[in-house]
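Here's a quick tour for anyone opening this one up for the first time. Have a look at the picture, then read on.

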Amino acid sequence: MICIAAIANPCMVWMRMSAASARPWKKRALCWHYPHYHGEGETPASAIRLGDYKFILHYEKGERELYNLEADIGESENLVNRMPEKAEELERALNRWLVEH
């Protein structure tokens with residue numbers, strides 16, 4: 001599932017991405033849910049992208065990841081311990097979206 005919504009209420013209103021909105025995550029949240037296992041080692045997880053940040057919640061082990069994609073497009077430095085407030089903000093927004101959808 002993919003949801004793009006207004007910042008005031010991240011991940012609530014469904015909208016379609018269009019060519020006119022080349023970078024919608026700069027102003028709106030992009031959420032996705034991957035609820036199954038994949039043969040190549042992927043496990044159930046959900047994620048949210050808002051602004052420059054991407055937060056990932058892995059369900060199997062409870063692992064959390066936070067990346068600043070503007071500074072680290074390769075997602076090599078997990079910021080969850082250095083920026084706990086940002087991680088909690090995005091996790092709350094992601095959880096709201098999951099409950100509503």
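How many of the six residues of strand E3 (residues 45-50) are buried? Six of the six, so to speak a mostly covered strand; buried means under 20% relative accessible area, exposed over 50%, and partly exposed in between (1.4 Å probe, protein chains only). Keep in mind that this is a predicted model: local features need pLDDT of at least 70, side-chain atom pairs count only at pLDDT 80 or more, and totals for chains, interfaces and linings use all residues. Residues are numbered from 1 along each chain as its sequence is written, and side-chain values use heavy atoms, with hydrogens and water left out.

**The overall picture**

- The protein chain has one helix and five strands, where helices (H or I, at least four residues) and strands (E, at least two) are DSSP runs numbered from the N terminus.
- Going along the sequence, the pattern reads β-β-β-β-β-α.
- Of the chain's 101 residues, 39% count as buried.
- The accessible surface is about 6,400 Å², with 53% of it belonging to carbon and sulfur atoms; areas come from the Shrake-Rupley method with a 1.4 Å probe, and for residues only the protein chains shown count as cover.

- Strand E2 (residues 28-34) pairs with E3 in the antiparallel sense over five bridges; two strands pair if DSSP finds at least two bridges between them.
- Cys-31 has Ile-48 in E3 as its bridge partner.
- Strand E4 (residues 53-58) also pairs with E3 in the antiparallel sense, over six bridges, and there Leu-57 is the bridge partner of Ser-46.
- E3 and E4 make a hairpin with two residues between them, and Gly-51 in the turn has a positive phi of about 65 degrees.

**The nonpolar cores**

- The largest nonpolar core has 15 residues, and Ile-48, Phe-55, Leu-66, Leu-90 and Leu-94 have the most contacts inside it; such a core is a set of buried Ala, Val, Leu, Ile, Met, Phe, Trp, Tyr and Cys residues joined through side-chain atoms within 4.5 Å.
- E2, E3, E4 and helix H1 (84-100) each supply at least two residues of this core, and H1 gives the most, with five.
- A second, separate core of five residues includes Ala-45, Ile-56, Tyr-67 and Leu-69.
- Leaving aside neighbours within four places in sequence, Leu-90 is in contact with Ile-48, Leu-50, Tyr-53, Phe-55 and Leu-66, contact meaning heavy atoms within 4.5 Å.

**Helix H1**

- The buried residues of H1 are Ala-87, Leu-90, Glu-91, Ala-93, Leu-94 and Trp-97.
- They cover an arc of only 165 degrees around the axis, which puts them on the same side of H1; the arc is that of the directions from the helix axis to the C-beta atoms.
- On the other side of H1, Glu-85 and Val-99 are exposed.

**Val-80 in the loop**

- Val-80 sits in the loop between strand E5 (64-68) and H1, and is buried, with a relative accessible area of 11%.
- Leaving aside neighbours within four places in sequence, Val-80 is in contact with Arg-64, Leu-66 and Ala-87.
- Val-80 and Phe-55 are 25 residues apart in sequence and 8.5 Å apart in space, C-alpha to C-alpha.
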